[in-house]
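Dear colleague,

Please find the structure below, handed over for your use. My notes on what was found in it follow directly after.

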Amino acid sequence: MKPVSTSSKFISIEGIARRYPKAGGGKTTIFEDLWFSMNKGEFSCIIGHSGCGKTTVLNILAGLELPEDGVAVVDGRAIEGPSLDRAVIFQSHALLPWRSVLGNVAYAVSSKWRDWSRDQVNAHAMKFIEKVGLKGSELKKPAELSGGMKQRVGIARALSIEPKILLMDEPFSALDALTRGSLQEEVRRICLETGQTAFMITHDVDEAIYLADRIVLMTNGPEAMIAEIVENPLPRDRRRIDVHKSADYYPLRNHLMDFLVSRSKTFKDEIPAGYDKKHPPVVRPCAEPPHVPGETRKVA
Amino acid sequence: MLASLNARAAVLSLVLLATFLLAWHVGVQGSKPVQQMDPEYARLMGIAATQGKSAMPGPVEVGAQIWGHLTNPFYDKGPNDKGLGIQLAYSLGRVLLGYFLAVLVALPVGFLIGMSPLMSRALDPFIQVMKPISPLAWMPLALYTIKDSSISAIFVIFICSVWPMLINTAFGVAATRKEWLNVARTLEVSPLRKAFTIILPAAAPTILTGMRISIGIAWLVIVAAEMLVGGTGIGYFVWNEWNNLSITNVITAIFVIGVMGMILDQTLAAIARSVTYPE
């Protein structure tokens with residue numbers, strides 16, 4: 001039996017570790033004793049350089065990999081393998097090329113509701129194909145679609161099983177800027193409408209600022225750790241086209257950039273006093289320092 | 001000169017064919033002067049010596065013979081004189097039977113090898129040793145143990161067609177993209193459903209390539225096998241007509257073997273195209 005979580009959070013990562021065998025014996029620790037949690041309906045982004053183990057964290061949440069130590073808990077139950085409760089949007093879209101758009105989404109739907117009739121499955125799949133704006137293309141094969149459309153199918157497939165969490169591994173990194181922007185808007189709209197809990201890996205600071213409620217900053221690997229958790233001070237009804245006009249935008253962006261450029265490297269050597277791995281500091285970079293009790297303030 | 005590439009290629013093919021037929025026709029005209037000989041002796045020597053005619057039949061004779069076989073392919077005048085259609089049907093029956101038995105073995109075992117690194121390594125030495133054995137080398141052993149020449153021929157077809165299918169299936173299954181398998185894992189798809197809905201379609205083009213190689217080899221081997229086991233079949237027909245010194249029939253059979261092999265290959269190619277997916 002895995003230990004049962006005492007956390008009241010919807011998703012709780014408790015002291016997980018991952019190590020890989022090193023050439024010539026021994027092991028490289030990618031990360032260990034990693035803690036963080038998420039509330040229901042929250043959108044979290046994780047930012048860090050390649051090799052810090054972001055994808056491993058996502059795979060552990062997906063159940064595709066298991067942590068060597070510690071446990072990841074979703075809705076009160078330890079993750080012991082992949083589950084239909086947790087949908088993954090893959091970076092490479094991972095569509096089945098021999099199935100049509102409808103076939104790809106229907107495959108997921110029929111995996112979740114195994115006793116549904118074909119009509120029920122197709123009707124449910126079509127609902128989500130419409131939601132991502134692909135109505136009319138449902139009979140096309142993935143090879144006939146553009147990169148952005150393929151990723152829309154990936155999103156429809158992930159959403160169609162109505163998961164408790166949506167896990168996204170740099171879903172838009174292979175797309176051009178315009179397509180990326182419109183897909184970000186749609187993902188945000190859908191997540192807000194349905195109260196979807198979502199966890200996303202990204203390299204793109206602006207993507208994180210637009211989408212995330214909270215941004216997890218990971219230091220460089222090996223032996224990566226969560227440096228801090230940044231709360232997004234921007235208004236909830238933000239729009240992508242005028243996010244940068246918000247007074248809090250630049251303080252937030254500068255804070256994130258500063259972390260990626262320098263602090264992700266140096267954090268390990270100058271760990272701040274009182275740093276607790278179980279409760280990484282929560283910061284909220286804003287233009288005006290509002291007084292919120294119980295939070296570390298960060299004035300840009 | 002705006003004709004399409006296909007049309008130009010067809011014209012060139014016809015020119016090459018005409019050239020070949022003409023060269024053949026001219027080549028077998030015979031030029032040797034007729035020798036003066038004793039009429040009794042001349043009768044023993046045949047027309048090649050007496051009339052200066054080449055013993056090699058020309059395209060016209062072969063064409064007439066092919067036409068004769070085509071118009072009456074299924075006659076049966078005893079064990080040594082059956083229509084070409086009957087002989088072809090025997091060969092085709094043996095090939096298809098041995099081939100489908102090989103499919104029944106190669107696909108499941110190939111799946112097993114492709115999905116299990118342990119089985120892959122454990123079976124590898126056996127496959128490596130068995131694969132290069134000429135299928136005809138099995139013939140004496142098959143005749144000795146099975147004691148039936150027709151079934152032995154089927155066994156030889158089985159053993160020669162099993163390897164390309166087995167190896168390609170194992171390779172195709174093992175090469176299934178990890179991301180597709182991860183999709184199946186996150187959707188909690190059962191192993192059996194995963195095998196049929198993810199791995200099989202993903203590996204199908206590679207498997208079909210192996211099956212296409214196999215049918216080609218099987219058709220090559222059946223001719224040699226039937227020359228050995230005798231009785232019926234297109235291979236036996238070739239050897240029987242050689243014993244009859246009917247070169248016209250030998251050439252006819254060679255042509256028919258080629259056409260049949262092409263039909264088998266193109267059939268498998270069409271099936272392969274239907275399961276190939278663009279990425």
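**Interface of chain A and chain B**

About 1,900 Å² is buried between chain A and chain B, and carbon and sulfur atoms give 64% of that area. Buried area here is the accessible area (1.4 Å probe) that two parts lose on being put together, summed over both. The model is predicted: local features need pLDDT of at least 70 and side-chain atom pairs count only at pLDDT 80 or more, whereas totals for chains, interfaces and linings use all residues. Residues are numbered from 1 along each chain as its sequence is written, chains are lettered from A and ligands numbered from 1 in the order in which they are written, and side-chain values use heavy atoms, with hydrogens and water left out.

Contact (heavy atoms within 4.5 Å) links 23 residues of chain A with 17 residues of chain B. Eight residue pairs, both members at pLDDT 80 or more, are in polar contact between the two chains. A polar contact is a pair of N or O atoms within 3.5 Å; within protein, one must be able to donate a hydrogen and the other to accept it, and residues adjacent in sequence count only if both atoms are side-chain atoms.

Strand 6 (86-89) and helix 2 (101-112) of chain A each supply at least two residues of the side of chain A that touches chain B. Helix 2 of chain A gives the most to that side, with four residues. Helices (H or I, at least four residues) and strands (E, at least two) are DSSP runs, numbered from the N terminus.

**Strand 8 of chain A**

Six of the six residues of strand 8 (residues 197-202) of chain A are buried, so this strand is largely enclosed by the rest of the structure. Buried means under 20% relative accessible area, exposed over 50%, and partly exposed in between (1.4 Å probe, protein chains only). T197(A), F199(A) and I201(A) point one way from the strand, while A198(A), M200(A) and T202(A) point the other way.

Strand 8 of chain A pairs in the parallel sense with strand 3 (residues 43-47) of chain A over five bridges; pairing requires that DSSP finds at least two bridges between two strands. In this pairing, S44(A) stands opposite F199(A). Five bridges also join strand 7 (residues 165-169) of chain A to strand 8 of chain A, again in parallel, and M168(A) stands opposite M200(A).

**R253(A)**

R253(A) lies in helix 7 (residues 249-266) of chain A and is partly exposed, with a relative accessible area of 23%. The side chain of R253(A) makes a polar contact with the side chain of D206(A) (3.1 Å).

With kind regards
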